[in-house]
Amino acid sequence: MDTLINLGGGMLTALDPFNLGIMLIGLTVGVVAGAMPGISFVNAMAIALPFTYMMTPLSSMVFLGGIYAGGVFGGSISAILINIPGTPASLPSCWDGYPMTKRGESSRALTIAICASATGGVVSALLLTFGAPPFAQFALTFGQPEFFAATVLGLVSIIAIAKTRPWISLLSLSVGIVIGSIGIDPLYGMPRLTLGIPGLQSGINFVVVMIGLFAFCEVLEMLGRPSHDREAKEKAKFKLSSFRDFWNVKYAAARGTGIGCTIGLIPGAGATIGAVIAYGIEKQVSPRGDRFGQGMEEGLAAPEAAKNATTGAAMIPLLTLGIPGSAATAIMLAALVLHGVSPGPLLFAMQTEMVYTIFASLLLANLFMIVAGAIVARGFSHLLKVPPTILGGFIVVMSVVGAYGVRNNLFDVYVCLFFGVVGYIMKRTGFPSAPLVLGVILGPLAERYFLTSLANYDNDLGIFFTRPISASILAFSLVFVAWALVPELLRQLKRTRRDVDKIA
Amino acid sequence: MDFNETLRERLFGLIAPTLFIVLAAVLIGFVDEDPLRTESVTRGLFGPTAWPTNMLYLVIFFASGWLIQDLAITLWKYKPFSSKRVRSPASLNVSPRKLRAQHLGADLRILVGIAIIGAYGYVIPVIGFAFATVIFLALWLMLGGITKATQIITLSTLGTIALLYLFVKLASMPLARGQGLFGEWTIALYRFLRIF
């Protein structure tokens, strides 16, 4: 009952004209950024971060939440209309969405995609509303060792994203942690790894790293990329079709929603994994599974519902534990931290109104997405005409201002540029950047929890393994690593043996 | 995948982890900047340098794992799933020489782009955000292949004005105004645009 009353209060605040306006702007920005190949919604969130400086913490979360919800869907517009997924999570939408477009059913495909995404998003927002408070209540029993264990779980979750390249992903993660440890340490106030550079004394801010790795890197890639072909622009025509098209695939959408909500809860798993798993399961379950890939409606509805269903679920570990499981939620964490708000179980007790307004606005964003998605899909052919060069130039300026605005420090701009170049090299060489970002964000947290745990318990390392919750989370982390790595390592070992036998 | 590409991948797989190992080993020596003070504040096992030092050891460990795996690949001609790269259908229709020329052109554009962004960051405090942004946008548009002077001037000028309203007037961000005469010009520009 309390939850419903709080949600009602949150809904009223979310419907305040300013908050509603901010959310709609965010939603539109997200759908447009997601739909434009080359500008992912994560980049849009990183670029939008400086604009949140002038907002209250609540408005900034409403704004970024709008971009998040809209952006996850937006990628499907280009995936369905021109076979280019705007975001990696929209890849499964190409498999059955684009064949529908080729059959001349683009309007039906987009209607199914918009309705399925909105359904997944709304259910996920409800899960967040009713699931997060009890979890936060439970998290109130956590001490420093439990938070350390939860942070470790967040760190190892990256292996699930890139399990085919475990060494490189783990290397990227540890490099990120090292970068995060530059500057003054959290307990003794001693500088580390500053190499005598005064600007490094205050450390490397993770927002600056993210803007560099995502926004600058994308712009540099844009410079080297040819523009989209004319044929693609002509295919991008759309108008909403009958709601019955979606109603016919309601069970596929429901299954996708369930899968998305479950996957979204796992830090690091995210929308891409949710959508791919939902597509795979739907293919097994559907009586028309053998025709998937030829434009089957179920093959489009399930991943669409799943990817938006991960959005609300992914915010549960962020808001209750302060652990972002993806780049998008990491940016939301950055916005909270920049406004001096610490996410965690206490947030639910201290700032109840803010928490429930975030829930309500995510709920509304997913409902309004039907309108925003339809409008952007209609204007998509015009959007594609904007030359990437013009977009790139403005993204650079906004990124420079964003990096500068974090601490009003020009040194951060140079650091951001450095990471832009590093990010570009990483992308060119296939070195994953997501683990590095997670390391920069979670590394300092892990260090702080680790050192304060030891300081509170007489430097006894056993404290992490003797407290039941901490030990359980660490054991779960170990199981998680084994689950992600063992099958791949066995496969590699088998292949190596086979090759050695061949040579012998 | 042609021979050069395979060779490049193999070399990257051997050189990159080695570089990480060397860099991490060197950095371990720079973690502790004041050993005497560190010793005085450290109580028990873990001091302020323990975390980054151990993380650097982790870097060495994971980079060694990568190096060993790639050595195995090179020696046994074993190719893991992750190293497979498929040429895009577009690139299959283009001759290798033309493709190389295209890549070279793209790489050159990117290098010039990096230089322009670097110069932009460098001149902001000297000539101010407003003037630096106009020049940057104009250069960037030219680099991107926009040749019409009217388009370049309009986009860079109007774009900068829009950004000034957004960041200085709306967001009240203290963006650099420039030194000396540039500072005065920026203030005059802000007054002209009614930002002040």
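**Where chain A meets chain B**

Across the interface of chain B and chain A, the rule finds 1 salt bridge, a salt bridge being a side-chain nitrogen of Lys or Arg within 4 Å of a carboxyl oxygen of Asp or Glu. This is a predicted model, in which local features need pLDDT of at least 70 and side-chain atom pairs count only at pLDDT 80 or more, while totals for chains, interfaces and linings use all residues. Residues are numbered from 1 along each chain as its sequence is written, chains are lettered from A in the order in which they are written, and side-chain values use heavy atoms, with hydrogens and water left out.

**The interface**

- That salt bridge joins the side chains of B:Asp107 and A:Arg428, at 2.8 Å from N to O.
- Chain B brings 70 residues to the contact and chain A brings 66 residues, where contact means heavy atoms within 4.5 Å.
- On the chain B side, the helices that each supply at least two residues include α1 (3–31), α5 (96–127) and α7 (149–170); helices here are DSSP runs (H or I, at least four residues), numbered from the N terminus.
- By class, this side of chain B has 48 nonpolar, 13 polar and 9 charged residues. Ala, Val, Leu, Ile, Met, Phe, Trp, Tyr, Cys and Pro count as nonpolar, Asp, Glu, Lys and Arg as charged, and the others, Gly among them, as polar.
- About 6,200 Å² is buried between the two chains, and carbon and sulfur atoms give 76% of that area; buried area is the accessible area (1.4 Å probe) that two parts lose on being put together, summed over both.

- Helix α20 (residues 388–407) of chain A packs with α7(B) at an angle of about 30 degrees, their axes 12 Å apart. Axes are lines fitted to C-alpha atoms over the stretch in contact, and angles run from 0 to 180 degrees between N-to-C directions.
- Residues of α20(A) including A:Phe394 and A:Met398 meet residues of α7(B), among them B:Gly159 and B:Phe167.
- This helix contact has 8 nonpolar, 1 polar and no charged residues.

**Salt bridges overall**

- The whole structure holds 12 salt bridges over all chains.
- One of them pairs A:Glu282 with A:Arg255, with the closest N and O atoms 2.9 Å apart.
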